[in-house]
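Let's take a look at salt bridges in a protein chain. Have the sequence and the 3D view handy as you read.

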Amino acid sequence: MIAALPGMLALEWVDPGRPTAARARDFGRGLAALHRTGAPAFGATWPGYIGALPMPNDPSTGAWPAWFATARLEPFLRRSADRGALSAADVPAVGRQLDTIDGYSGPAEPPARIHGDLWPGNVLWSAAGPAYLIDPAAHGGHRETDLATLALFGGAPHLDQIIGGYQEVWPLPTGWRDRVPLHQLHLLLVHTAMFGAAYREAVLSAVRDTVNR
């Protein structure tokens, strides 16, 4: 970091480059190492934001499913409904998944230190060196969330290699692929809350895919 001012953050310039399979695998290993550093609780002690939207960050030492439903899904479901991005029939359909989230959430895991907004555009592939994580919404969360959102919006390049490198360092629990739609639902609801009904079908698809797996 070069400078941090109230209205500006100046960082070192990184020349962009092309991702390769080998560098993607290295990135997967590094992401697993980041996650393994852990966090004291789900959430964080600082105010949360994702894009321009506030994001509840009150720390919780309880179970992940309840925290994810109340802190990462319900607030953006409510915002999406308020702006008309989801219909009156859509809201209870999504809400039922929040009420039954324990049935889809998989085995319990401790809080991981996650990026929190890891769609493919927030990975900066450098010209010479590692891939960098940018624009984080960092907090203690579930490590599968970062991996699931890397598959959104066309997916990160060489995603199979990213996953392969990750598995070398910290193998994922059985059934993780089935839980991808559940973890993606947070960022998709953020998009309906921010950008409107253009993302409605993606939200409903994630709900259907979670229930049907």
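Are R179 and E144 buried or exposed? Both of these residues are buried. Keep in mind that this is a predicted model.

R179 and E144 make a salt bridge, with their closest N and O atoms 3.0 Å apart. This pair links distant parts of the chain: R179 sits in the loop between α5 and α6, E144 belongs to helix α4, and 35 residues separate them.

Searching the whole structure turns up 8 salt bridges. Here are some of them:

| Pair | Closest N and O atoms |
|---|---|
| D90 and R200 | 2.6 Å |
| R143 and E109 | 2.7 Å |
| R179 and E144 | 3.0 Å |

Start with D90 and R200, which form a salt bridge. D90 is part of helix α3 (residues 90-99) and R200 is part of helix α7 (residues 200-211), so this pair ties together parts 110 residues apart in sequence. D90 is buried, at 5% relative accessible area, while R200 counts as partly exposed, at 31% relative accessibility.

Next come R143 and E109, another salt bridge. R143 is in helix α4 (residues 143-149), and E109 is in the loop between α3 and β5, so the pair ties together parts 34 residues apart in sequence. R143 and E109 are both buried.

Finally, which residues are linked in a network of salt bridges? They are R25, D26, R29 and E168.

Key. Residues are numbered from 1 along each chain as its sequence is written. This is a predicted model: local features need pLDDT of at least 70, side-chain atom pairs count only at pLDDT 80 or more; totals for chains, interfaces and linings use all residues. Side-chain values use heavy atoms; hydrogens and water are left out. A salt bridge is a side-chain nitrogen of Lys or Arg within 4 Å of a carboxyl oxygen of Asp or Glu. Helices (H or I, at least four residues) and strands (E, at least two) are DSSP runs, numbered from the N terminus. Buried means under 20% relative accessible area, exposed over 50%, partly exposed in between (1.4 Å probe, protein chains only).
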